[in-house]
Structure formats: C-alpha cells, structure tokens
Amino acid sequence: MSGTTEAMSLAADFPPQTHQAWQDLVAGVVNKSRAEDAKLSPTEAEESLRSKVPGGVVINPLYLAPDDSPALGMPGQMPFTRGRELRPVGMPWDVRQLHDDPDVALTRAAILDDLEHGVTSVWVHIGADGLAAGDLAEALADVRLDLAPVVVSSVTDQAEAADSLLVVLSGAKGAGGNLGLDPISAAARTGAAADLGGLAGYVAKAARVDSVRAITVDSRVYRDAGASAVDEIAYAVATGVAYLRRLETDGVGAADAFGHIEFRVSATADQFLTTAALRALRRVWARVGELCGVPGPDRGARTHAVTALRMFTRDDPWVNVLRSTLATFGASVGGADAITVLPYDTVAGLPEKFSRRLARNTQIVLADEANVGRVTDPAGGSWYVEALTDELAVAAWTAFQEIEAAGGMPRAIAEGIVAARIAATRDEEAARIANRREPLTGVSMFPLTGETALTRRTRVSAPAGGLAPQRDSQVWEVLRDRASAYAAQHGSPPAVTVVALGSRRDFGAREMFVTNLLAAGGIVATTVEGAGTAVGQARHTGPVVLASSPKGYAAGAADAAAALRAAGTETIYVAGRARELGETDVDGEIYDGMDVVAFLSGLLDRLGAPAEGAER
C-alpha cells in the first residue's frame with residue numbers, strides 16, 4: 001500500500017489562546033472569595049498558585065512549550081534522561097522483592113512463593129536487622145540462579161553478605177546480581193567511619209561471576225532521614241564519585257567501575273517528582289561519566305527504585321497500598337530498571353504472606369494489565385516533566401558540587417554537613433506536615449477511627465548512631481498513642497464537645513472539619529446543637545468547640561459562650577477565626593493551616609493524656 005502521510009493537528013479547530021487570557025481566567029477564580037480591596041492582578045493570581053517542593057524546586061501552575069526547547073533525544077543515548085535503554089515489552093522492569101526475615105525457613109518459602117508468582121529477582125537483607133549471612137545459601141536453595149538474579153544488602157555485615165553471595169553464585173552459569181557493597185551509606189546510618197579499602201577486591205571477585213556487580217549506592221538512608229529529592233540525587237552521585245575515586249586509586253578504571261555501580265533510590269507517592277528524580281539522576285550521573293572519560297554507551301545509571309519507608313504509616317495502613325501504587329507508577333514512568341514495593345504492613349513488623357502478595361501484585365498489575373511499561377519514557381516531551389527534570393538536575397548538580405567542595409561525601413558525613421542540611425529540610429517539611437499542607441490520608445486527613453492495630457512479628461532495627469529513618473506520620477502517631485494511653489486509663493478515649501450553632505447549613509462544614517481534625521489526634525468529638533442543651537444547663541468543665549458560619553456566630557455565639565461559662569466551661573475554642581465572633585470571649589481558634597500537631601498536643605495536655613503514649 002502506498003500513499004502520502006499527512007500530519008494531524010489536533011488543535012486546528014480551536015482558536016489560539018494566550019498566556020494572558022489564561023491568567024485572566026485564573027484571576028477570575030482566585031478573586032471570587034476575596035474582598036474588593038484584596039483582589040489580585042492576573043500576574044499575582046498566577047503567582048499565588050506557585051508552590052515549592054523541599055529542595056527549593058518551584059512548581060508552576062502552568063507549563064508552556066519553551067521556544068528554545070532542546071531535542072528530546074532517545075533512550076539509551078546521552079544524557080540518558082529518557083532511560084538507560086529501550087524497554088523490552090515482555091519484562092519492562094525487574095520485579096524485585098525484599099526479604100529481611102531472620103527465620104531462614106520462612107525466608108526460603110517466601111522467596112520461592114515470590115518467584116512462582118511473578119517476581120523476577122531476589123533481594124535479601126543480611127545482618128543484625130535481617131537474615132544471618134550464614135543462612136543465605138539455604139534461603140536461596142530453591143532459586144534457579146540462571147533465571148533470577150540475587151542482590152544482597154547490609155548495614156552491619158556488608159563483607160559477610162558479599163562473601164556469602166559469592167559462594168552461592170560461584171559455579172552457577174548465567175548467574176547475576178549485586179554484592180551490595182556500600183560502606184558510605186552504612187556509615188551514614190551507623191555513625192561509624194566508612195572504610196572503602198575492600199571495594200577493588202570485590203570488584204575483581206564479582207568480575208569472575210557472570211553479570212554480577214559489586215556496589216549498590218543506597219541513597220534511601222538520606223531520604224528516609226528527611227532529605228529532599230534534590231539532595232538524595234546529589235548524595236547518591238557524590239557517593240558514586242567517592243567510589244570511583246577509590247577504585248581508580250586501587251587500579252580499577254572509571255569505565256570498569258561504572259559497570260559495577262547500581263543506585264537504589266526512593267520512590268514516593270509524588271509520582272511526577274519520582275519520575276523526574278529518576279530522569280535527573282541518570283542525567284547527572286551521565287555527566288559524571290562524561291567528565292571521567294567513560295565511553296558514551298556505558299554512562300547510563302542502573303537504578304533500583306524502592307517505595308519509600310518515609311511515606312508509610314502505621315495507622316490506617318491500607319492507604320499504604322495506594323501510596324505504593326503511585327510510587328510504582330512514578331518509578332516505572334521514570335525508567336527504573338528494578339522496582340521493589342514494600343508491603344503495606346512494613347511499619348507493623350515483618351510482613352505476612354498476603355501483604356507480600358499484594359506488594360508484588362502492585363507491580364505485576366501495573367506492568368501486565370495496566371500496560372504501564374509498554375512505552376519507554378512515556379513522560380518524555382511533557383513540558384511539566386521536562387522542566388521539573390531540568391530543575392532537579394541543576395539543583396542536584398549544585399548540591400553535589402557543594403559536597404565536593406567540602407571534601408567529598410565521606411568527609412561531609414563525618415563533619416555533619418549532610419546531617420545539618422537534612423535537618424533543615426526535615427524541619428521545613430515537618431511544618432508542612434504539622435499544618436496539613438502536606439496531608440497524610442488516613443492519618444492527618446480523613447483519619448480512620450476505631451481501627452484495630454495490626455499485629456506482626458517484630459522486626460529488629462539496625463544499629464543507630466547516624467542518620468535515623470523518620471516516617472512523616474510519626475508525629476501524628478505520638479498523638480494517637482497518647483490518646484490510646486488515656487483510653488486505657490479511663491475506659492474511653494479523650495473527648496471534646498462541639499456546640500453547633502444555627503442550622504445544619506450554618507455549622508455542617510465546620511463541624512465536619514473540627515471532628516476530623518480532632519480525630520487525627522485520637523480525640524472523639526461529640527456534637528450537640530445549641531448551648532441551651534444539657535451542655536449549657538449542667539456543670540460542664542471540659543473543652544468545647546463552637547462551630548458555625550460567620551452568620552451563625554453573629555446570631556448566637558455570644559449567648560452560647562455566656563451559657564457555657566455559666567455552666568463551668570473553662571476552655572472554649574472557635575472553629576474559624578475569633579474575629580467572626582465579635583467581642584465573644586473564647587480561648588483559641590481552630591482553622592485551616594494552623595499547626596495542628598501543636599494544637600492537638602496542647603489539647604491532650606489539657607485533657608490529662610499521658611505525656612508519652614503507651615504502645616498500642
């Protein structure tokens with residue numbers, strides 16, 4: 001069949017639009033609820049919609065095609081932004097499951113079950129917080145090593161883990177995997193000094209086994225401690241450069257060293273940030289390879305994305321499944337070579353069979369049924385993703401240069417530079433979490449009340465001393481623990497009365513807002529309508545929240561507050577701003593954007609909850 005092909009212009013029948021026209025529309029929406037003297041200009045309206053992610057990267061409300069946009073390039077070519085290589089349709093990425101159960105019999109059975117149901121490689125964590133190095137051979141006894149690569153990791157026993165894997169893989173034809181050596185990241189976690197002396201020897205040993213690499217740069221230790229995506233990329237690259245330098249000193253050239261390094265990075269529920277971060281990491285690492293004289297085709301970074309522990313919650317853990325799905329989607333679109341989904345019950349302890357199944361099926365469904373992996377770099381050409389990738393790459397390169405100027409990654413860790421930078425970012429993010437600008441579904445927003453806590457076998461933690469992992473939801477879990485301890489002492493949870501004024505139309509929205517806000521701290525809200533009820537007529541000393549619209553407050557807030565004070569109520573809060581009540585006497589405000597954690601902590605103090613919650 002022959003003929004000509006015509007380009008299709010999908011927008012040909014629509015009139016052209018300008019940025020100014022869009023700004024005018026935005027201003028019309030933004031100014032709807034603003035007073036006449038507080039209205040924003042079109043430019044100011046657009047500016048009000050800009051936001052920042054930790055690390056200083058600005059997110060714009062609108063992205064337009066730049067006039068000087070560079071060519072996108074192709075996957076598998078410099079600068080590898082679009083992927084290390086074209087994806088095979090049959091297996092778009094390596095489905096890699098983590099095993100850290102110290103019970104070797106259970107681990108052996110779990111590994112076989114995973115491989116029989118879609119997992120394509122095995123990750124075994126070894127050491128004080130995982131499987132014993134001497135048990136690795138038994139745990140892998142049922143694995144076809146020519147079909148399923150094996151990688152190991154360890155915080156406390158890296159050399160033992162590497163040696164054990166070498167013993168297992170030696171003599172197995174077609175075996176692949178990674179010895180998991182990463183002394184810098186381990187030192188960052190434990191606070192010990194990093195010893196890079198043995199890397200070259202293990203590179204030589206790994207080279208004798210088919211498709212085995214020696215080094216995994218695990219940057220999750222920084223992200224889980226509070227680092228931004230920008231800093232995670234910078235620290236990963238700085239760690240990789242430190243290994244290149246030491247290997248070169250010990251006789252291993254940069255080109256050979258590049259082939260032995262894999263990056264293990266965080267994937268979060270911010271799917272676009274995850275996608276852009278993976279693309280930026282490859283771009284920055286390719287630049288390092290270019291400066292080191294590594295041949296062009298060999299500069300692509302191998303990446304292993306893991307759903308971030310930092311985003312996992314103890315309370316309402318089922319939402320972790322949704323977070324992991326978003327993270328997996330972002331990692332896939334970002335071109336991760338391997339992906340690991342942590343089970344939804346990871347925070348509760350060692351996972352059970354069902355949670356492991358759900359974790360692996362999250363990947364399998366996205367790959368095989370949702371066909372997410374059929375296209376290599378599907379986000380390529382998206383003005384938003386390309387701009388975000390550029391910003392992350394530039395910011396990460398700047399941060400990387402700062403680490404290099406400080407003497408390299410080992411020195412920056414030892415001198416506290418990395419910890420200080422992470423602490424600053426963590427404090428910034430903590431404020432967003434506390435005021436719910438960074439909402440945690442099921443925890444700080446739409447909390448699940450009356451849930452039964454999961455019970456799992458306890459996981460042993462790795463030795464502390466350096467950067468400790470901190471989950472975003474922990475500050476809220478402390479509040480819930482205090483409420484649980486109160487309930488254990490008194491037979492019922494801490495409670496606050498909400499006095500709803502006016503009609504349902506007046507108080508409905510704010511009553512719901514306050515009820516959910518209190519529930520985030522484990523506090524039960526009991527709603528009564530009007531202060532002329534038993535609350536106002538009988539002795540009532542507990543805290544009370546008034547809930548209504550400004551109109552409802554104007555009609556009844558003063559009388560309600562007076563009746564409550566007469567009944568002995570010592571503390572009265574208002575849902576909204578105190579100015580809406582005129583001269584009415586209240587003790588505090590509850591409004592969107594406040595430091596909710598501080599408010600709930602103070603309220604629990606007032607209610608008499610223990611200062612430190614008991615384990616649930």
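Biologist: By class, how many nonpolar, polar and charged residues does the lining of the second largest pocket have?
Modeller: Happy to start there, with the reminder that this is a predicted model. The lining of this pocket comprises 28 residues, and Thr 268, Ala 269, Asp 270, Glu 429 and Glu 438 are the ones nearest its centre. Sorted by class, the lining of the second largest pocket comes to 15 nonpolar, four polar and nine charged residues.

Biologist: Which element gives the most to the lining of the second largest pocket?
Modeller: The pocket has a volume of about 720 Å³. Strand 1 (51-53), helix 12 and helix 16 (417-434) are the elements that give two or more residues to its lining. With four residues, the top contributor is helix 12.

Biologist: Which element gives the most to the lining of the largest cavity?
Modeller: The lining consists of Arg 223, Ala 229, Glu 232, Ile 233, Val 265, Ser 266, Thr 274, Ala 277, Leu 278 and Leu 281. Two or more of these residues come from each of helix 9 (229-249), strand 8 (261-267) and helix 11 (271-291). The biggest contribution, four residues, is from helix 11.

Biologist: And how many charged residues has the lining of the largest cavity?
Modeller: Arg 223 and Glu 232 are both in that lining, and Arg and Glu count as charged. The rest of the tally is six nonpolar and two polar residues. The charged residues number two.

Biologist: Let's turn to the second largest cavity. Which helix supplies the largest share of its lining?
Modeller: Among its lining residues are Asn 320, Val 321, Ser 324, Ser 355, Leu 358, Ala 359 and Thr 362. At least two lining residues each are supplied by helix 12 (319-333) and helix 13 (353-369). The largest share is four residues, and it comes from helix 13.

Technical notes. Residues numbered from 1 in each chain as written. Predicted model: local features only at pLDDT ≥ 70, side-chain atom pairs only at ≥ 80, totals over all residues. Heavy atoms only, no water. 1 Å grid on protein atoms, 1.4 Å probe; cavity = no way out; pocket = protein on both sides within 12 Å on 5 of 7 lines; lining within 4 Å. Points joined across faces, edges and corners; volume = space filled by probe spheres on them.
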